[in-house]
There are 2 protein chains.
Amino acid sequence: MNDKIALVEAGGTKFIVGVGDASRHIHARTRIDTTRPEETVPAAIDWLRAQGGDYAAVGIASFGPLDLDRTSPTWGHITRTTKPHWSDADIAGPFARAFACPVAIDTDVNGAALAEWKWGAGQGTTSTLYLTVGTGVGGGAVVGGRLVHGVSHPEMGHIRMPRHPADTGFAGHCPFHGDCLEGLAAGPSIVARWGASLSDLPADHIGHDIIAWYLAQAVQTFQAILEPARIVLGGGVMQTAGLLDRVRAIAWEHGGGYYAGDCRTTLVNPGLGHDAGLLGALALALGAADPR
Amino acid sequence: MNDKIALVEAGGTKFIVGVGDASRHIHARTRIDTTRPEETVPAAIDWLRAQGGDYAAVGIASFGPLDLDRTSPTWGHITRTTKPHWSDADIAGPFARAFACPVAIDTDVNGAALAEWKWGAGQGTTSTLYLTVGTGVGGGAVVGGRLVHGVSHPEMGHIRMPRHPADTGFAGHCPFHGDCLEGLAAGPSIVARWGASLSDLPADHIGHDIIAWYLAQAVQTFQAILEPARIVLGGGVMQTAGLLDRVRAIAWEHGGGYYAGDCRTTLVNPGLGHDAGLLGALALALGAADPR
């Protein structure tokens with residue numbers, strides 16, 4: 001039996017393509033610049049063919065938004081995106097046609113959420129929410145072993161937020177919603193307000209309190225709706241020294257002891273390293289993902 | 001085979017107890033005032049015994065918060081509540097000991113969510129969120145046929161909220177969180193601000209806009225996290241004339257076209273009538289609920 005699995009981490013600036021197996025070994029990998037769908041996708045397929053081409057499954061963890069309705073004629077396509085050339089691009093179809101095997105596709109953050117639940121910081125829990133805070137804010141949740149989907153995948157970065165009392169003058173940086181979580185706490189909103197990334201601001205800069213405060217409000221909303229056993233906070237912004245502890249402290253204080261989960265212990269850093277993207281694709285391919 | 005099912009809607013002011021079956025027929029029912037657990041629970045059991053006592057299952061839709069961890073020694077108990085006498089009360093245990101059959105228990109709102117998904121306004125969808133807006137705000141969600149649980153049941157009333165520009169002077173009415181959704185939009189918060197219920201305020205009173213605005217923000221947060229195919233808005237406050245349409249319009253406008261679900265059609269009134277509480281208990285007993 002051939003248990004090689006083709007892995008695709010489809011990002012807005014690069015595709016990382018690899019070959020792995022169920023033991024989580026990554027045998028080979030390459031990087032392909034994201035240009036246009038008609039160039040990038042065939043280049044990924046060509047590389048996978050050159051590695052042998054005989055795969056048990058293909059797992060794709062892609063940027064979005066994606067059509068994930070298996071009954072839709074545009075299943076596995078990007079839907080509407082601000083990224084030039086990629087609106088309506090078919091991501092899953094070319095791989096399904098090229099390789100005679102099952103293809104699993106979901107968002108990159110859902111892949112990461114599933115991988116963190118299976119193998120990383122959410123391992124052994126009944127419910128894990130993963131949030132990445134970087135250029136944007138995105139998230140996914142695994143409940144009872146399955147990724148949570150509604151009519152589409154979650155867009156957790158766009159939840160509505162109260163405003164920090166010292167931050168009311170900033171309109172927010174989200175082109176769709178202004179001052180949603182992404183508009184208030186993603187990297188570009190930090191640069192827009194204070195001219196530097198959070199990790200480059202002095203340790204006593206109020207930006208640290210403000211961003212931690214927003215993330216703590218988001219944590220409370222996640223607790224209120226899902227009560228996850230583990231909340232994994234990743235992404236570039238979360239690498240700021242001291243930020244996780246600040247979020248824990250504020251979320252605990254503001255929660256008022258109301259939630260069953262203790263955010264001082266449920267809030268954690270990711271457990272998977274720099275292979276997290278390919279491991280997300282692998283987790284999807286291994287079939288724990290529910291297509292709906 | 002005996003297919004009679006014992007139904008318990010355990011509320012903070014009254015227990016409604018009934019006998020039903022899988023065809024959704026309610027054969028008999030009674031009302032018992034909620035006094036102390038050692039009086040109210042045995043009274044419910046005595047009435048159920050007097051109806052014949054031979055049940056295929058017991059379904060309990062209870063006020064909360066509840067311990068729903070099947071592996072916990074206090075499974076089926078109320079946990080910490082502000083209601084005198086009921087903290088740590090064992091709700092499920094006495095029924096399990098009295099009747100030799102499976103006992104299903106969950107919150108009243110989770111029962112209603114499951115019943116609305118199975119038989120009401122969420123029928124035929126892959127995901128339904130139910131929110132009741134009354135004395136408090138509570139909610140539950142069914143995704144892929146299962147109620148969503150984390151380390152506990154959802155407390156959707158306590159999500160964090162932005163503030164309506166004309167409502168910044170009000171501190172909010174939630175004893176735990178001040179200006180969470182429940183603190184800003186539940187019935188008592190309306191009376192606290194304007195001295196009357198929403199339906200008693202004149203049609204051009206700004207309270208209508210403010211409450212609709214808050215509920216519309218909540219809807220966006222629910223869409224961002226779960227993207228439900230159907231969002232069912234029930235409870236006393238939602239019976240205010242015109243409120244549902246206001247919420248739809250504001251949620252649609254503020255969503256910016258970002259979500260896959262169109263809240264002008266996904267937002268609906270409940271489909272089940274005054275039997276909703278017992279039907280919630282029935283839905284739980286019929287076993288679609290996942291105990292975790």
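Tutor: Start with a term: two strands pair if DSSP finds at least two bridges between them. Keep in mind that this model is predicted.

Now take strand S7 of chain A, residues 137-143. S7 pairs with S8(A) in the antiparallel sense. The pairing runs over 2 bridges. Look at A:Val142: its bridge partner in S8(A) is A:Leu147.

Step back to the sheet. The sheet is open and has 5 strands, in the order S8-S7-S6-S9-S10 of chain A. Follow that order and you find S7 between S8 and S6. The pairing across the sheet is mixed. Each edge strand pairs on one side only. The edge strands are S8, residues 146-147, and S10, residues 267-268, of chain A.

Next, the chain around the sheet. Chain A holds 9 helices and 10 strands. Its C-alpha trace spans about 55 × 40 × 35 Å along the principal axes. For 292 residues, a compact globule would have a radius of gyration near 19 Å, and chain A agrees because its value is 19 Å.

Look inside. Of the 292 residues in chain A, 59% are buried. Now count contacts with a separation of 6 or more: 61% of them join residues 24 or more positions apart.

The accessible surface of chain A is about 10800 Å². Carbon and sulfur atoms supply 51% of that surface. Chain A also carries 21 positive and 28 negative charges.

Key: Residues are numbered from 1 along each chain as its sequence is written. Chains are lettered from A and ligands numbered from 1 in the order in which they are written. This is a predicted model: local features need pLDDT of at least 70, side-chain atom pairs count only at pLDDT 80 or more; totals for chains, interfaces and linings use all residues. Side-chain values use heavy atoms; hydrogens and water are left out. Helices (H or I, at least four residues) and strands (E, at least two) are DSSP runs, numbered from the N terminus. The radius of gyration is taken over C-alpha atoms; the globule rule is 2.2 Å times the number of residues to the power 0.38. Buried means under 20% relative accessible area, exposed over 50%, partly exposed in between (1.4 Å probe, protein chains only). Contact means heavy atoms within 4.5 Å. Accessible areas come from the Shrake-Rupley method with a 1.4 Å probe; for residues, only the protein chains shown count as cover. Lys and Arg count as positive and Asp and Glu as negative; His and the chain ends are not counted. The place of a charge is taken as NZ of Lys, CZ of Arg, CG of Asp or CD of Glu.
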